[in-house]
Amino acid sequence: MSERKTVIPNSRVQARFAGITTFGRYPRIEDVDAPVDWAVVGAPFDGGVTFRPGTRFGPRAIREQSQYLKHYSMDHKVDVPGVLSLADAGDAPIKPYSVKETLDGVAEHLCTIGDPSATKLMLLGGDHSLVYAGMKAAWIRQGKPKGGLACVHFDSHMDTLDTVWGEKWNHATPFRRLIEEGILDPKRMVSIGIKGPLNSEDDLDYAREQGIELVTHGRWQAEGFAPIRAVLDRIGSDGVYLSYDIDCVDPVYAPGTGTPCVGGFTSAEALDLLRQLKGINLVGADVVEVLPDRDVAGNTALLAAHVAFEIMALDAATR
Ligand code: MN
Ligand code: MN
């Protein structure tokens with residue numbers, strides 16, 4: 001155990017409910033000398049929501065629910081903090097009254113964390129507008145690869161609208177902005193768990209025209225993991241950004257979210273889907289849309305903590 005890359009207090013010595021609350025009880029990044037493999041960063045911002053606000057409290061809730069995270073993945077047979085150096089980098093600065101200033105500021109801040117060539121970032125939202133900042137920072141940290149990044153996207157919604165209420169910057173539009181700026185390659189993007197009803201028949205037209213692979217919830221039920229596997233095989237070793245909107249999970253399991261959509265994944269299905277991504281070449285990730293005030297027993301934040309862990313476990317399993 002002393003060989004672990006991440007120093008985590010022994011829970012048999014220091015109780016899990018004691019001490020300052022960092023994600024997974026990982027050390028604060030200031031307390032780690034060498035560049036870490038993954039830094040967890042909060043972005044307590046919900047100025048981009050189209051329905052119920054409150055995800056600004058998401059990062060704190062996820063950190064709190066992460067205290068009981070254990071570290072050894074039985075599925076991948078890997079001690080995640082044993083293989084990876086992990087740290088909590090605190091929260092990014094936000095401007096609660098401005099979406100665009102927040103996204104630019106968060107992206108800028110993310111670019112300063114750790115060593116861009118070695119450190120990957122796990123962004124905890126906050127609403128899904130933040131994927132613009134998370135993915136832009138990942139793209140810059142990768143040296144702005146021409147053609148943009150590949151993306152695996154879990155969500156009930158496509159988030160590729162042009163505007164809402166006349167505003168271009170919100171949680172229903174980030175992937176369109178990323179495509180427009182050449183940061184995201186839609187032909188190397190798969191969106192998993194999309195389900196209706198839609199606002200109108202043409203809601204998904206933009207995504208389809210851009211070449212995004214849609215694995216709707218119904219298609220997943222019919223075809224399983226195969227269409228996702230096909231995209232992963234096609235993008236091969238490309239750098240992939242993983243964006244996880246917790247509302248892809250059924251509100252029975254994840255009620256704490258602002259735009260809930262019935263008929264989604266169970267918690268077990270959600271975790272199993274993530275584990276099947278083993279081999280993916282991650283360059284960064286986010287877990288967004290946790291809304292603690294609607295989260296009756298903290299189970300949405302608990303699931304979000306596990307989702308973040310499983311994403312980092314994917315990286316640990318491929319090293
Ligand atoms: Mn979303
Ligand atoms: Mn959503």
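1. Which residues coordinate the manganese ion (ligand 2)? In this predicted model, the donors are D155 (OD), H157 (ND1), D245 (OD), D247 (OD) and D247 (OD), at 2.0 to 2.5 Å. Donors here are N, O and S atoms within 2.8 Å of the metal (3.2 Å for Na, K and Ca); water is not among the atoms, so sites may look incomplete. Along the chain, the spacing reads D-x1-H-x87-D-x1-D.

2. On conventions: residues are numbered from 1 along each chain as its sequence is written, while chains are lettered from A and ligands numbered from 1 in the order in which they are written. Local features need pLDDT of at least 70, side-chain atom pairs count only at pLDDT 80 or more, and totals for chains, interfaces and linings use all residues; side-chain values use heavy atoms, with hydrogens and water left out.

3. D155 sits in the loop between β6 (149-154) and α5 (174-180), and D247 in the loop between β9 (240-245) and α9 (267-275), so the pair ties together parts that are 92 residues apart in sequence. Helices (H or I, at least four residues) and strands (E, at least two) are DSSP runs, numbered from the N terminus.

4. Now the manganese ion (ligand 1). Its protein donors are H128 (ND1), D155 (OD), D159 (OD) and D245 (OD), lying 2.1 to 2.2 Å from the ion. Their spacing in sequence is H-x26-D-x3-D-x85-D. D159 lies in the loop between β6 and α5 and D245 in strand β9, so this pair ties together parts that are 86 residues apart in sequence.

5. D155 coordinates both manganese ions, ligand 1 and ligand 2, which are 3.2 Å apart.

6. Are these aspartates buried or exposed? D155 has 0% relative accessibility, so it counts as buried. Buried means under 20% relative accessible area, exposed over 50%, partly exposed in between (1.4 Å probe, protein chains only). D245 is buried at 1%. D247 is buried too, at 1%. D159 is buried at 8%.

7. A further aspartate, D79, lies in strand β3 (residues 78-79). D79 counts as buried, at 17% relative accessibility. The D79 side chain makes a polar contact with the side chain of R4 (2.9 Å). A polar contact is a pair of N or O atoms within 3.5 Å; within protein, one must be able to donate a hydrogen and the other to accept it, and residues adjacent in sequence count only if both atoms are side-chain atoms. Leaving aside residues up to four places away in sequence, D79 touches R4, H71 and Y72, where contact means heavy atoms within 4.5 Å.
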